[in-house]
Amino acid sequence: MQPLKAAEFLPQQAPFLLVDRMLSCEKHSCHTDFPVPAVHPLVKEGFLLEAGVLENIAQSCATHIGYLSRNIPVRIGVVASIRNLKIHTFPRVGDVVETVVEEQGDPIFSVSIYMAKVMVGDQLVAEGEMRVVLTEQEPTMANAK
């Protein structure tokens with residue numbers, strides 16, 4: 001597969017994108033990348049913040065979900081929990097972050113469990129589990145009451 005722009009499959013848009021391209025996608029896994037820019041809301045003093053690493057994982061999961069469901073109505077994912085997250089280092093401006101998320105089986109009651117590994121080159125940046133709940137429809141102000 002040729003790399004695809006991840007924004008095609010994400011509800012997030014600039015300036016809050018933390019995934020640039022989807023490098024590969026299979027039924028239970030997705031591989032993304034993100035070059036850390038100098039100017040971004042989640043970059044401070046030359047480093048991608050912890051919140052940026054987490055959002056990169058969440059957007060990698062969303063890229064997987066969006067790509068696999070590209071031919072059906074949009075369903076929004078919400079992070080339900082983060083478990084056993086270990087951040088070993090913070091990516092620097094100019095680093096290319098590569099993230100692999102692997103879905104642990106099929107979703108159960110609209111909950112998908114992903115194991116994530118975030119790398120810069122051969123250096124492990126972060127690893128952990130993220131659970132994502134899919135809504136039945138895109139949230140609107142009418143159904144938020």
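# A first look at salt bridges, cysteines and pockets

E129 and R131 join their side chains in a salt bridge, with N and O 2.8 Å apart; the term means a side-chain nitrogen of Lys or Arg within 4 Å of a carboxyl oxygen of Asp or Glu. This is a predicted model, in which local features need pLDDT of at least 70 and side-chain atom pairs count only at pLDDT 80 or more, while totals for chains, interfaces and linings use all residues. Residues are numbered from 1 along each chain as its sequence is written, and side-chain values use heavy atoms, leaving out hydrogens and water.

**Salt bridges**

- The whole structure holds 5 salt bridges, and R83, E129 and R131 are linked in a network of them.
- E129 is buried at 13% relative accessibility, whereas R131 is partly exposed at 24% (buried is under 20% relative accessible area, exposed over 50%, partly exposed in between, with a 1.4 Å probe and protein chains only).
- K5 and D20 form another salt bridge, at 2.9 Å from N to O.
- K5 sits in strand β1 (residues 4-5) and D20 in the loop between β1 and β2 (21-26), so this pair ties together parts 15 residues apart in sequence; strands (E, at least two residues) and helices (H or I, at least four) are DSSP runs numbered from the N terminus.
- K27 pairs with D106, their closest N and O atoms being 3.8 Å apart.
- K27 is exposed, with a relative accessible area of 55%, and D106 is partly exposed, at 47%.

**Cysteines**

- A search of the whole structure finds 0 disulfides, a disulfide being a pair of cysteine sulfur atoms within 2.5 Å.
- The sulfur of C25 has its closest cysteine sulfur in C30, 4.6 Å away, which is too far for a bond.
- C25 is buried at 14% relative accessibility, and C30 is buried at 2%.

**The largest pocket**

- About 360 Å³ of space lies in the largest pocket (a pocket is an open set of points on a 1 Å grid over the protein atoms alone, where a 1.4 Å probe fits, with protein on both sides within 12 Å along at least five of seven lines; lining residues have an atom within 4 Å of a point).
- Its lining has 20 residues, with F9, L10, P11, A62 and R75 nearest the centre.
- Helix α1 (50-68) and β6 (77-87) each supply at least two lining residues, and α1 gives the most, with 6.

Methods:
Grid points are joined across faces, edges and corners, and a volume is the space filled by probe spheres set on the points.
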